[in-house]
Amino acid sequence: MSERTESLRAIDDGDAFEAVADKTMSRRERYRRLFDRWVLAPGRIIRGDVRARIGASILLLYALVGLFGPRLYTEPEVNQGPRSITPLSEGLTHPLGTDNLGRDILAQIIHATPSMLQMIVAGGLFVTVLGVTVGTTAGFSGGRTDRVLSLLTDIVMTIPGLPLIVILAALLEPQDPVVTGLVLTINVWAGLAREIRSQVLSISRHSYVEASQAMGLSTPTIIVKDILPNIMPYVLITFVNAARQVIFASIGLYFLGVLPYDSVVNWGVMIDQAVSGGAMHVMSLAHWLIAPLAAITLLSFGLILFSQGTDRMFNPRVRARHSSTTDTADEPADETTTTTGGGIR
Amino acid sequence: MSRHADAAPTAKTQTRSDAILTCRDLSVEFTMDRGTSTVLNGLDIDIERNEIIGIVGESGSGKSMFASALLDAVVEPGVTTGTITYRPAEGREIDVLDRSDDQLQQLRWEDISMVFQGALSSFNPTLKLRGHFVETLEAHGYDVESGMERTHELLSDLYLDPGRVLGSYPHELSGGMKQRALIALSLVLEPDVLVMDEPTAALDLLMQRSIISLLSALREKYDLTMVFITHDLPLVTKLADRIGVLYAFELAEVSGTEELLRSPRHPYTRALLNSTPDIESPLAEMQPIEGSAPDPVDVPPGCPYHERCPLATADCAAVKPAMEAASETHDVACHYWERVPDEIDLTTEVSR
Amino acid sequence: MQQYYLERTLQAVITVVSVMTLAFFLLRLMPGNPADAYRAELIQNNPQLSQADIDHRVEQKLNVLPDAPLHEQYINYVAGLLQGDLGESINEGVPVSEIISEALPWTIFTMSLALLLSFAIGISFGAIMAYKEGSYFDNGLSVLSIFCNSIPNYIVGILSIWFLGYQLELFPTGGRYSTEMEPTVGLLEPIQTLAFLGDALWHASLLILSYTVVAAGGWALRMRGNSIQVLGEEYLRVARLRGLSERRIATRYVGRNAVLPLYTALLIAIGFALGGSVILEQVFTYPGVGYYMIEGLEARDYPLMMGVFLVMTVAVVLGVYIADLTYGLIDPRAQTRGGDHR
C-alpha cells in the first residue's frame, strides 16, 4: 500500500496531478513540467496541425500590425493624397488607394486594428473570467447556489445576443474599446459557464479530486490544481467564440451607426463610409469597400482555423461523444465548437 | 528462416476427421509508416464440426484479428493471406478468402456468423430490435415471416421475452439482454459456424456464467460449431471442447480442454494458468507473467515467447519451434515441450 | 418524465418573465428617458391638456405609468406585455404589436427559407464529405465551409448587393416587392398570387443567399463531424457484415444517426434566426422585424425597439422549449433521459 502514501504525500506537496506518476519531484522538474504543459505542448499542437498553423500565423500577423502598425505607418488624414485613387495607381505611396476624402485606405485598416484587438482581448478575458468563475462555483458548490447560477446561465443563453447588444450599445454608447469589448460579449460567458459546470461535475467525481478533498484541501486550491487544467480546451474555444462575436458585432454595429465614433476607428466605419460614399455604384471605388471586408474575413478565418485546429488536437473527445449526442436535448444552446448556424446568437 | 524448418511429423500434416473450417498459414498484415505490422502470423488450425473451440490470448495477441479473418472481415488496410477452407455439411468446399463481394455477403451470416466484442454498441441506436432482424432477413432474401418465427424461438431459447425485446430500442435493454439479443441476431439466418469475439467481456460474472450455459444448449439444439475467443481462460474451460492458446500472433498450443488443464505443455500456457486469479487459492500463489508481449512490427526471430520464458536457451532465440504433436489431441509449439511439466509447476488449479 | 416537462415549462416561463423585467429596466435607463421626452413633446404641442390627460397618454404610449411607484409601474408593464400590449410606437402612432405583426411574416418567410435551404445543403454536403473523408473533395469543401462560416453574413450581403445588385443589376437591392406589384395572396387568384410570391422571393433572394452561404458552411461541418463519428461506430461494421445494402446503411444508419442530433440545433437556430436578421435586414433595407429594431433605435422609438427585442427572445424561448419537449419523440436515445442533468 506504499503507492497510496506516496500519492497522498504528493498531494500534500500541493501537486495532485503529478502524484500518480512521480514519487519525488524537484522544484526544477516541476517548473519544467509546467513549461511543458503550458508552452511546449500547445506549441507542438499548433505545429502539428495545418489548420492551427495557418490560423496562428494569421493571428500573429494581426497582432503585429496592431502592436507596431500605427507607429510604422502614417495616420489617415483628409487630403493626404489625391481623392479616390485605385490601389497601386501611384506606385507604393498609397498601396490600397484612397477614399473620397483622400485618406489612405491602408492607413485606415492599420489604425483600426489596435482598437479591434483591444476589444477582442477585453471581451475574451471578460468572458473567460466570468464563465470560469460562474461555472466552477456552480459545479463545485451544488445545492441552491448551483440551481440559481444554472438558471441564470440558461436564461442568458436564451436571450438573442445581437438584439441585446444593440440595446446595450444604444444605452451605454461605449467609446472606449475595452468597454465596447465587454458590451459586445455580454452573453458569451454563459456557454462557457455551462460547459465548465458539467466538466467540474464529471471531473470532481475523479479519484484524485476526491483524494484532494479527503486531504482537506480548500476548495479554491482544488479548483486551481485539479479542475482548471482540464477545462483549458473550453476556455480556448470560448475565447475564440468571444473574439468572433466581437468582430461580427462591432463591425455590424459600427456599420449601422449604432456604436458611436468620431474617427475611423473600425473597419465597420470604413464600410459604412464606403457604402454612403458610393462605392457600391462606382467600380473605381470598389477597393474602398473590399479592403475592410478582406481585413475582417481574414481575421475571422484565422480565428476559426486556429480554434478548429487546436480543438481537434486538444480534445480527442470531440469526435467520440457518442453518448453526448443525446445531451443536446438538455443542452440546446451548447456550442462547444465554433461553427454556428448563422453568426451571432 | 522458414517456419517449417525442421519438418518432423508436425501436427498440421494430419488432417482431422471432419473439419468444418481449415486454416492454413493464415496471416494478417497492416502496412504502416514504421513498417509492416504482422498481427496474425501463419496460423494453422482445424475447427471440427459441432465443436466449441476456445481461442485464448491476452489483449494484443491477435485473437480479434483471427475472429475477423474467419469471415474475411479484417478492417482496411489489413491484408489477410493464407487459406481458410469452409466445408458445409452438403455441397462443395469453399475458399473463404477467395470469394467475390456478393459471395462473401452470402457466406457471412448465412454460413459463418459473428458476435462482436462491442456487443453493447452493435445495434443501431435509432432502430428497434425488430428492424435489425427484419432487415437482415430481407438483405439475404429470406422469408421474413418464417424468419421472424425463428427469431421468436431463438429469443425464447435465450430466456428473453420476444415481444418485449423486439419492440424495444437497443438502449432500453440491459447489457445482458442486448448480448443475448445479439446472439439471436447472429443465428437468425441459421449459420453453421458462430464466431464470438469476447462476447462476455462487458458483462458481470453472473451474466457471463448464464450465457455460457445458454451457448452450450444452443449448440446442441442448432448443431452449431462455435469459435469462442476470449482472454478469460477459466471462463472458456467451462464451455469449450478444445482450446487454442494464442501468443504474439501465433498459436502456442492447441489441445482438448481436459488435457490442457491437466498437463499444459507450453510454458506460456502454464504461466497463463498460474496467473489466473482464483477465489479459492491464496493470493500469494498467483504469479503475474513478467515482461511484455512483443511488438507486431518487430517480432523476434525464434520462439516469440523466448524473452519471457524461464526455459529459454540460445536455440529458442534463433529457431522458431514447429507445432509438434504431444498426443493425438494435443499440439504444442515448444522445443522443450517434453520437459515443461517437470520444469514449471502448476500452482493454481482451474477446474471445469 | 413528467417532472422533466414541468421543469422545462417552468424554465421557459421564468426566462420570459426575466427578459420582460430586463426590458422594463432597460427602457427606464434609456438615454433621454422616453417618458420624459414624450411628456415634454405633449406639453409643448398641446398646452391645453391637463396633467391627468398627459399621464394617460404617456401611459398608453409607453405602457408606463410615469408617476406611479416603481413596483406599480413594473407590474403594470409586465401585465400589459402578457396581454400582448407592447406599447405604442412613438413615431408611427400605432401599437407596436401592429407594426411587428405586419413585419414578422416577412422575416419568418426569408429566415425560414434561408435556414431550411442552408440545412438541406449543409447536411447533404456534410454527409458526402464524411463518406469521402480525407479526399480532395473533403479537404476542399471543408476549407470552403470553414471560410464561409467565418464571414459575417451581412458582409456576404454587402458583397452580393454590390456585385449582383448594383454592378450586374440582376437582383433588386432592397424592399419586399416591386412597387408596381399588388400584394395578393389568395386561392381565388392563383396567377396573381404566384406572381406576387415570385416577386417577393426575387426581392428576398440576395438576403436569403447571404444567410444561406454562411449557415450552410456551419451545418456542413457539423454534419461531417457527426457522420464521421457514426461511420466509425461498431454497429456500422456489424451492419455491413450482416449484408445490408449500402443504401440502407447510408440512410437508416449513417443519415439518421448523424442528423438526429442536429434536430435540436435546427429548432434553436430557427429561434435565433429572428435575432440574426437585425443587421442583414438593414443592409437590404428589408422591412422585417430586425429592420424595425434598428429603425426604432435610430428614431429613439424605444417601445418599438424593445417590442422587437421581446418578440425575438420569445422566439428563442419557444425554439428551445419545443426542442426540449420533442427531442425525446424524435430521437429514441433521449427517451430514457429526463431532466436528470442537474
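Predicted model: local features only at pLDDT ≥ 70, side-chain atom pairs only at ≥ 80, totals over all residues.

**Notes on the model**

1. At the start of H4(A), the backbone nitrogen of A:Leu106 has a side-chain oxygen of A:Asp104 within 2.9 Å.

2. Helix H4 of chain A covers residues 105–141, which is 37 residues. The distance from its first C-alpha to its last is 53 Å, close to the 54 Å expected at 1.5 Å a residue. Just after H4(A), A:Gly142 has a positive phi of about 65°.

3. Chain A as a whole has 12 helices and one strand. Its elements run α-α-α-β-α-α-α-α-α-α-α-α-α from the N terminus on. Of the 345 residues in chain A, 54% are buried.

4. A nonpolar surface patch of about 540 Å² is formed by A:Leu60, A:Leu64, A:Leu67, A:Phe68 and A:Leu72. A:Leu60 belongs to helix H3 of chain A, residues 50–72. A:Leu60 counts as exposed because its relative accessibility is 53%, and the cut-off for exposed is over 50%.

5. Over all chains, the count of salt bridges is 19. One of them joins the side chains of A:Arg194 and A:Asp154, at 2.3 Å from N to O. This pair links distant parts of the chain, with A:Arg194 in helix H8 (residues 189–203) and A:Asp154 in helix H5 (residues 143–158) of chain A, 40 residues apart. A:Arg194 is buried at a relative accessible area of 14%, and A:Asp154 is buried at 8%.

6. In chain B, B:Asp18 and B:Arg49 form a salt bridge whose closest N and O atoms are 3.2 Å apart. B:Asp18 lies in the segment before strand E1 (19–32) and B:Arg49 in the loop between strand E2 (35–48) and strand E3 (52–56), so the pair ties together parts 31 residues apart in sequence. B:Asp18 is partly exposed at 37% relative accessible area, and B:Arg49 is partly exposed at 24%.

7. Which residue meets the side chain of B:Glu51 in a salt bridge? The partner is B:Arg242, at 2.9 Å from N to O. B:Glu51 is in the loop between E2 and E3 of chain B and B:Arg242 in strand E9 (residues 242–247), so this pair ties together parts that are 191 residues apart in sequence. B:Glu51 is buried, with a relative accessible area of 6%, as is B:Arg242, with 12%.

8. A network of salt bridges links B:Glu135 with C:Arg242 and C:Arg248.

Terms used. Residues numbered from 1 in each chain as written. Chains lettered and ligands numbered in written order. Heavy atoms only, no water. Helix = DSSP H or I, 4+ residues; strand = E, 2+ residues; numbered from the N terminus. Expected span 1.5 Å × (residues − 1). Polar contact = N/O pair within 3.5 Å; in protein donor to acceptor, adjacent residues only side chain to side chain. Patch = residues over 30% accessible without salt bridge, like charges linked within 9 Å, V, L, I, M, F, W, Y side chains within 5 Å. Areas by Shrake-Rupley, 256 points an atom, 1.4 Å probe, with all protein chains shown as cover. Salt bridge = Lys/Arg side-chain N within 4 Å of Asp/Glu carboxyl O. Buried < 20%, exposed > 50% of the residue type's maximum accessible area, 1.4 Å probe, protein only.
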